[in-house]
Structures are given as structure tokens and as C-alpha cells.
Amino acid sequence: MFQIECPNCGPRSVTEFRYGGEVNARPDGGDEREWATYLYARQNLLGVQTEWWFHRMGCRRWFLARRHTMTNEVLESYWP
Amino acid sequence: MVDKTKPVTFTFNGRAITAYEGDTIASALYRAGIRVLSRGFKYHRPRGLMCVAGHCPNCLVDVDATPSLRSCMVPVESGMAVRSQNAWPSLERDIMNVIDRFSSLLPVGFYYKTFMFPRRFWPHYEKVLRNAAGLGAIDPDPDRFEEGRGHHLYYDKQYLHTDVTVVGGGPAGLLAALTAAGQGGARVTLIDENPSLGGHLRFTPGPWPSLAADLPAVQNLALASQNRSELVAALSGAVHDHPAITVLTEATAFGWYEGNMIGVAQGRRLIKVRAAQLIVATGRFEQPLVFHNNDLPGIFLGTGLQRLIHLYGLKPGRRALLVSGNDSGWQVAADLLQAGVEVAMVVDSRPWLPDDPAVRQVEAAGVPIKSSYTIEAAHGRQYVTGARVVQIDGNGQPLPGTAVEIACDVIGVAAAFVPNNGLLYQSGCKIRHDESLADFVPLSYPPAVLGAGHAVATDGLEAILLDGSIAGLTAALQWQQSTIKSQRSTSNGAGATRQPFDEQSAKEQLTGWQAQLTQMKRKPAEANASNQHSPALFSIASSQKKKFVCFCEDVTEKDIQDAIAEGFDNVETLKRYTTVSMGPCQGKMCSLNAIRLCARETGQSVAETGTTTSRPPFTPVKLGVLAGRKMEPVRYTSMHQQHAERGAHWLDAGQWKRPEHYGDATAEVRSVRERAGLIDVSTLGKIDLRGPDAVQLLERLYTNRFAGLPVGQIRYGVMCTDEGIVFDDGVVCRLADDHFYLTATTGGITTVYEWMTWWAAAWKFRVHVTNVTSAYAAVNLAGPKARQVLAKVCDLDLATEAFPYLHLREGAVAEVPARLLRIGFVGEMGYEIHFPAGYGAHVWAALLAAGREVRITTFGLEAQRVLRLEKRHIIAGQDTDALSDPMGADMAWVVKQAKEEFIGKRSLAWRNGRGLQEQLVGFVMADSGVVPLEGEQIVAGEQLIGRVTSARYSPTLGQSIGMAWVIAAKAHEGADITILTHGEPTSATVTCEPFYDPMGERLRM
């Protein structure tokens, strides 16, 4: 149960948050392959990943965080 | 520690036992002369007290129907019923003990080898084995709850946040806590498993080192003498009195979890302690020796004897043999003498005697002493009656013809310790086995974790006190630094005012202490010379079979040798194959000896052999503590009481309680179709959306258009994911140009709300999305007489021209400000009335009173399902699933592909191009008496061509109707399909129109 620093509420237990997945840019144009990649493929990175988090049991705001996917260390969290 | 003026009575296997306050169950039983406390797991050999510290599995008992409690850790309480376990018919005469005679039938890994063939006999084997296996029994009798005793009790959870958490209240932990809170200015939580603080100082008498007087935490105590008991009392008092220190006693830190969180079990409470900084000062475990019959009752670890003597005032026996392998054994012998026990002999495996006052005491008492001697075997059946000691050579091998027989009823084994570093391992601390010290020392600590004292192989009280102080100040320093850092990073550093902390002087202090400690630490070379084969000597060569390594799982030295011979020579596989260290003690008594044995058999060093992975829980935890109270909210609408009074049958809809019906769902359906009905729809998701980009957000999130929706009007909408999958539906009301009121399904609101806010954040839209689900109550008043009913309590002009279908009005209903939505919820003309939740009961009652003359009926979810099914309205999530797009769900009209952009557009375009694979259709059963179940199959011969998603008998139509997904070839009006209803083929006809009022004329009236 690692902690995440909500930009609004401060450090809170991860159980207060909803994970929104890795940041995944929605293509504007591009071919079908690119669209399918956006829909179904994830990087599943080992390392520092930028991802969406929602403070469901707190201020109910979405924010971005840079988290190491192995150590769960949250290096930074900020508004989009 | 034991107060003999305060007797306490409890029962053990039905027999009344008198104990004293301060006793544990184990000490009380020992006082009462009971030596056998349990039976071994596999061979059912008698077992008695060994560690007296909650480390070994020998004293597990059932207390008030809670099984497998460590009796040496449970304080006595008046009236408790203690029972032995794993023994039948009695502890003294356990029939299963015959297994001990036939142990060759149960070789190591026997569950992979025996009882396998012939295969058909397995059910019989299994029955026998299942009866024989396991420890303790669960009593499912709920009446135990009533009695207020036993395991059916209230368990709860607590969260604690501290700057510095210290686990272990021994000398290192006490100094760490006082230093961190004193000089360090941190808030400290100190956790200890025992009822009182002091750790090993509570039962190892002697003076405390003069150097300790220089440590600030000790200086402040102003001690008069150099007696350890005075030091313990003063330190313990100082910790309890310190305003910044929270002390948790009888609290077991059973595991380290991510984020420096410590799981602590205290009584019937689970405490999750979040530590900004953690100090592990958990001490060490004394280790048994491996010799023949080393599991007999009467064989104690040295500290176990000291605990009996000093903590409980017990005389352990009449005549004792003390087997030593390190300096601590001699103090045990001296303590035994002082307790009035005759010491038959002290043997030390080392070839010389240490220079220690305890040795001189033992010598002065005239006790026979033998160096270079160790124990070879113990004798006795139920209890120790004697032992054989033997001289050993420089390699630890027994010399023939040197054996001496000794009669005794107590054997003390004081040969080796192992650091209690389970929490450190779990936290990611790198620990190495130092061959020269024959001990496990930390190489590096993870951030915010430190160790101190015996837990990190620091020995000698002087060094331990210093080590604790260093850890305390280091943790406080690290905490101060991280706090400063986080205050810089967050602008709203709440409660940032801490007392000033002089970082520089703290660093200087630490440097000085560390230099002192380095000088005190054992020099590896000296330690090597002085230890020789000890403490590494744990077992001498002998062919006897009852040399137990693991007391929990009854694994012997021979079992481990056999397993290694079979190829399980890696500690991890050896552990899994032999089950060594997998029992209740979790390796506290066996891990080191198993590793040393593995090292010896494979010719590797202990460091090369490695250790098995430490995982929580490190100490047994009651399931009740882990499974305790969980917050599972139940939501009631503001009309809940009224429903209950009308005899509602409840249905769980997520967290909500909703009326399924009020006795007769069919009558409820008829009432809505013929007269009027009222349903509580407060659970509907409700969202208030406003802002300059509100229209734009709706345009992008719904598949249909909202830009052109005039103020005061309502439009049904469907939301899709970007894969083009339907995930929710509802209506959108326009209140103003930039202000909308939306509904979502009861089950979908959480997702919808987060979905909307997520896209709003991603696109940086200027909108406020507010979930107002609980703020508004809502009812749906529907039926041909609905207008007549509403008119009695509403100030609005309800004429169709003034308030037409799909329009919204704001007005007063029963004098309560309300939003009225004319929508076609159940297929009759009707109003959905939204109003502040606090008026729920009032509005409900007013509408029912107004409807009395038309015999209005309240209706529940069951009637709603039938009514909506008659209109072929889908339920998102019931009639659609994770593969359903709007075209398949027969709602192609709701997708406006011409729109510039919306979520799902691209995938839907692709899906349109691909063509329909299957479609949601209605069906009418040929036999109106047959109603298929949801999920039943639609078949064509052997082929599966569809599935039923909804089906009900419609009282309005007198037919059985439903909805189903069918392959495209069958998705046309009039197609015949075969549904396997309860496994029987039944006929039905497909329809693509609503079953009832297909033109929707009744809605517009």
C-alpha cells in the first residue's frame, strides 16, 4: 500500500485512488493500425511511467503522476 | 512480574488451574505441574515449553474456541477455557503417537511418495490423512458470540501515522524511541509484543554498562544504581510518560508492507502503522541444538529457562543439565542455581571457559563442568529423565568412549542466537551471513528503514544501547530532511511548524557515537578465534533418527539429509520439499539449523547456501484480525422508511437497497398501465454539468447531438467507449445554454462521472461536473391518470401543449421546488420528478395521497423491468455487454456519424463497415406459459446462435416476451428461433418492434 501525493490533498494511501492507466494519446487521424494500437496496446513499461490517477475518496480530481512501475515510487504528481 | 496476591482461575482440558495475575497460560500450566502442552504435528510426540517467548510451536493451545494460540504469549484471564489440540483421546495418551514407531512409513516428502497407489484407494487415504492432518479445529458455533468469549467477536482496524516507528521495546528500541522523540523531536510509535517493555533485560540480570550513562536518554533518567531492573523500569517509565511517544504493548508487528507500512495485531485489532521512518529493533531468537530426542518436554532454550525464573518466579525443575556453546549459557546456569535448581553439569562445546563472573559462580557452587563436551541424546518418553553428553574433537565430532550419562529433569540449551530480522528482510534490506562472526549482518538498508541491537547482530548491552541511540537520531534526522523536502514541494504544507532541529549538531553527535560503536563491535578475527566450532556447531554426527530440525512440521535431520540426497539441495526447494520452516514458527526455530545442515551436506558456506525468502506474516495472526470489520456502506433513499412500511421486498442494487416489489409485481404492472403508479428512482445517477465547454463535452461523450437541444428540453443519449461499446445511457436536460442536468444508470454513475471528469481534464475543458446523485431524490409518476394525480399537488400547467413530452419544467410539487421531466420511462405518459433529497418522505406521501382516488400503486424494480421490457427498452449492462455496440443493440439511430468528433466514432465507423454480426432483438414465446432464464441459449440444431438477456411474462400482453442477441441471419421480424429453456427446446418468434405501444402514442398524451 504505497502512497501517492495528490496535488490537492497531499500524500494519501493508494487505496484512496483509482488508477487511470498509462497516458495514452488519442490519435487525431492516422491509419487503422495506429487507432487499434491506441485502443488495445499498452507499453507496460518497466520503469518510470506517466499515468492518470483519480482521487476517488478525496477531492475527486484527475491528475498525472510519474511512478516507477517496479518500486511504486511516485516521483511527481501534477495537474494535467 | 507475577502478583501472587491476585489468583486467577481457568480450566485446562476441563481441569481447574489456579494462576496469578501476570502469568501466561503456559507459565500457569507449568506452575501447576503440567509439562506436556501439545503433540507434534506428524508423529504426535509429546511437546512442552521450549522458548517461552512465542517463537516455537510447542505450546499451541485452543483458548475459548480460538485455535492454535501460543500459550506462552496469552495472559491468563479468569474463566478462560483452555484446551490442548492435535491429541486424542488425551494429551497424555495420544493414540496417533504410534506413528512415531512407524515413522519409516512417512519419509520426507511422503505425500509425493506414499498413499499414491493404487489410485482408487486415494479417497480412503485422503479421509484418513485429512483427519490426521492440521492443527486445531474451528468452532463454527455462532452461539459463542452470545457468550462474549471465543472467536466470534468484534474485530476492528486502526490506522496510525508516525514520524518514527520503532518495533521492539528492548534496550535498543527504548533508546531509539527516546532519542528520536527527545533529541530528534519526532512523533514516535513504539511497538512490543510483550506486556511490558525491556526486552531481554527483563530476564537477564546484571549491571548495566557505565558508558551508557553518557547517552542523553539515560542521562535524563538520573539513575541511582547500576542495576538493570532499575534501568528497565526507568526507561520504560520515560517512554510511557513521553508526550511524543505512543506505546503499543502486546502488539505484534507481523509484517512489513509497501510504503513502510507495518501490520500490527493488537488483541482484536489490526493496526496499520504508516512509518515515515522505521527502526527494527526486534532482538534475536535463541536456537535449539539438533540431537536425539531434542523435542522432549523439559528441554528448554537457555533464555526460556531465564524467562520462567525471572518473569514468572518459577523453579524450572529439580535437576538440570546445561548445554552451553556461548557465554550466555553460563548466566543461565547461575540463574538456575539461584532459583534453587540443582545443576547436574554444565558442558560447553568450546575447549575453554569464558572469563565471566557467571562461570566463577557456577564453579564456586561445585557444579561439575566439562569443556569440549556437548549433548548427544536426551532420554525419556513423556518427559526428560536424563541425557548423554559426549566429548568432541576440534571438528565437532564425538570421541568414542567419552560419553557420560546424566540424570536430570531439565536440559537447558544455550548455544546460538539468530537475529530476528524478518521485518528487515521484507523491507528489502540486504543481509549477508558473516562467516567470521557466524551471524547475519545488514549490508545496506532501503530508504527510511534502519535496524538496531540484536536484530542486526549488535551484541553486548553497551553496544546495543549505543546502536539504539544512533538509529533513533539517524531516523529523526532523515525524517527532518524528508519533511523539509516535502514542505518545499507542496505549497500547503499543513502543520509545518515543528520544533527547531539542529541538523549540524545531530550529525556531529552521530559521528561520535558511530566511532564509539565501531570500537565496541566484535573484531571478526577475535570472534573467529574465540568461537572455533561454536556457535556454528549445531549437531554432531550420530545416526539416531529423532533429531528434530523443524518442530512445527516434525522434520528431522535425516529427512533433510535424505531430501538433499534426492537432489533438493537448494534451500528454497529444500524448504518446499521437506516443509521445514513452513509451520507456525515460520523458521524462527529451524531456519538457521536447516541452512547450516544444507551447507554442511553440500559442502558450501552458509553465505553461499543463502536464506529462504521472508514473507509476512512473520508471526501467527488470527484470521479475525485480518478479516475484521470492513466498511461496506449501505445506501438508503430518503423514502426508505415509507417503502419498509408498505412491505417492500428488498433488492440490492450496488450499495443501494431498492424495493423489488410490495407484494404483487403483476398488480403493480397493471396499475401503471391502467391507472397510475409511483416508483422511487432516487438511485438514478444525477450529474450537474455547467461551464462554457459543457455543450462541447456532451457532443463528444454522447453518440448523438446536444448542441441544438433547446433550453427546457430533454434528449435520450448513449455513451460509448472509444472501442464503440455501449457503456451507459440516460437523459440530458438543458437548463440553460451552459447548464445541463444528466441522468445515468444506478450502477453506471460512478463510471460515468469519472469518465466525464477524465475527458474534461484530458481536453482541459472549462466545465464543472458534479455528481449530485445523493442531493436529489427522484420519483417516477406514470400511467394514464398520472397527470390527474400530479395536478393536485403541482402548481404548473400540465396540459400537453404547455408541458409536452420530452420537455422539462421547474415548479413546486407538494410545495417543494422540483424539476419535472416528461420522459417515457415505463411507456406511459408520466413525470420524473427530481427534488432535494431531504423532502423525499414528504413528496412521496403527498403524491400517494393525491393518487388515492385513482387507486395509485407504488411499484418496484420487478414491475419496472416488466414495463420497460414491454417497451423493449434496454438495460445497459444487462442487455448489452462488453462487445455490444449501438447498432447491434438496435439503436443505430442514436449514433450520429455525421458529427465532427465523439468518443467511439472511429470504431463505430469501422464496425459499420464490417456489418452486423449479431443483433439484439425482441422475441415472443410460442407458449406463453414458458419464460426462459436470462443467459439461456438460442440454438439451431447443434449450433449456438444466440442468448437470452431478459425475459418476463407480460401481464399486459398475456405473453412471454424477452430480448436476445441472435446472429444477423435471424435478426428480422418474424424469424423463428429455438431457445433452450431449462434445457428443453422451446419456440419463439423474433420481433424488432416494441411489444407495447410501438408508436409511443401513450407517451405523448
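## Contact between the chains

In this predicted model, 28 residues of chain B are in contact with 25 residues of chain A, contact meaning heavy atoms within 4.5 Å. Residues are numbered from 1 along each chain as its sequence is written, and chains are lettered from A in the order in which they are written. Local features need pLDDT of at least 70, side-chain atom pairs count only at pLDDT 80 or more, totals for chains, interfaces and linings use all residues, and side-chain values use heavy atoms, leaving out hydrogens and water.

Between them, chain B and chain A bury about 2200 Å², with 47% of it on carbon and sulfur atoms. Buried area is the accessible area (1.4 Å probe) that two parts lose on being put together, summed over both. In chain B, the residues that lose the most area to chain A are B:E258, B:E754 and B:R906, together 30% of what that side buries.

## Salt bridges

There are four salt bridges between chain B and chain A (a side-chain nitrogen of Lys or Arg within 4 Å of a carboxyl oxygen of Asp or Glu). A:R26 forms a salt bridge with B:D722, and their closest N and O atoms are 2.4 Å apart.

## Elements of chain B

Helices (H or I, at least four residues) and strands (E, at least two) are DSSP runs, numbered from the N terminus. Strand 13 (269-280), helix 23 (749-762) and helix 27 (905-914) of chain B each supply at least two residues of the side that touches chain A. Helix 23 of chain B gives the most to that side, with eight residues.
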